[in-house]
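Subject: Structure handover

Dear colleague,

Please find the structure below.

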Amino acid sequence: MKIGFIGCGNMAKAMIAGILKNGLCAPADITVSAKTDATLEKAKAQYGVCTQQKNAAVAQVADILVLAVKPQYYEEIIREIRGCVDSSKLIITIAPGKTLSWLAEQFSGPIPIVRTMPNTPAMVGEGITAASPNEYVTPELLDTALQVLRSFGKAEVIPENLMDAVVAVSGSSPAYVFLFIEAMADAAVADGMPRSQAYTFAAQSVLGSAKMVLETGKHPGELKDMVCSPAGTTIAAVRVLEEKGLRGCVMDAMKACSDKAKSV
């Protein structure tokens, strides 16, 4: 299996690291193109992958082609590579707002495409990726795509109409979580804790709490109630969060995010 990456930013590098760590293919079977020679040199030095300056050259050699560039560059990139792409290749996209129908129109042919939305925790092997295949993706090709996507975290197949919700709930949400961790650490610093230690306590609490949701199968509300003793410290904090409208604020922020995704 030969995999090509057009673009080599943080997400592409996270994907490459996961693919190599899980032995899906050898470094020599991955080819990367990027805007600058410096980026290509770093990728080659870090991962041992092959590099190409021309996007079309990557498309020619790849069985699976990942378009790992920003949405605004998709039209230009597809125009460069579509002469090298046919139904024997699988295209994986990671751009919000670029629908399967839009992609099919740009490629103008029966090309197997899996539209995905990964997130930045892929950089530490803990990503969550949504995947929506078009009608040309066979079950075997979808299995192959999921193998790739699960090499750097979890992956779920979803109907495409939920993709904008995914942008809000996982694609952009690490930023919300980082804000929450930073705010908790700031409060701990205000109470006298050294900052580096405050980040460790706050981040590990978020990590552990997330694992409890995933591994116990319990409702988040039930897990919250387990921490809230009668007349205790936790319920006092929860009362303030409710008074300040934490839930509504988060929901409003996610609505703004999904609305923006629709307009990209």
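Is K2 buried, partly exposed or exposed? With a relative accessibility of 36%, K2 is partly exposed; the classes here are buried for under 20% relative accessible area, exposed for over 50% and partly exposed in between, using a 1.4 Å probe and protein chains only.

Before the rest, two remarks on how to read this. The model is predicted, so local features need pLDDT of at least 70 and side-chain atom pairs count only at pLDDT 80 or more, while totals for chains, interfaces and linings use all residues. Residues are numbered from 1 along each chain as its sequence is written, and side-chain values use heavy atoms, with hydrogens and water left out.

Salt bridges

Searching the whole structure gives nine salt bridges, a salt bridge being a side-chain nitrogen of Lys or Arg within 4 Å of a carboxyl oxygen of Asp or Glu. One of them joins K2 to D29, with 3.2 Å between the closest N and O atoms. K2 sits in the segment before β1 (3–6) and D29 in the loop between α1 (10–21) and β2 (30–33), so this pair ties together parts 27 residues apart in sequence. Helices (H or I, at least four residues) and strands (E, at least two) are DSSP runs, numbered from the N terminus. D29 is partly exposed, at 23% relative accessible area.

A salt bridge also links D186 and R195, at 2.8 Å from N to O. Both ends are partly exposed: D186 has a relative accessibility of 35% and R195 one of 36%.

In helix α11 (residues 233–243), R239 and E243 are four residues apart, about one turn of the helix. Their salt bridge has its closest N and O atoms 2.7 Å apart. E243 is exposed at 55%, whereas R239 is partly exposed at 47%.

A buried lysine

K98 lies in the loop between β5 (90–93) and α5 (100–107). K98 is buried but has no salt bridge, and the nearest side chain of opposite charge, E75, is 6.2 Å away. For charge, Lys and Arg count as positive and Asp and Glu as negative, with His and the chain ends not counted. Beyond its neighbours within four places in sequence, K98 contacts P71, Y74, L103 and R115 (contact: heavy atoms within 4.5 Å).

Cysteines

The count of disulfides is zero, where a disulfide is a pair of cysteine sulfur atoms within 2.5 Å. For C50, the closest cysteine sulfur is that of C25 at 10 Å, too far for a bond. C50 is partly exposed, at 33% relative accessible area. For C84, the closest cysteine sulfur belongs to C50 and is 17 Å away, also too far for a bond.

Regards
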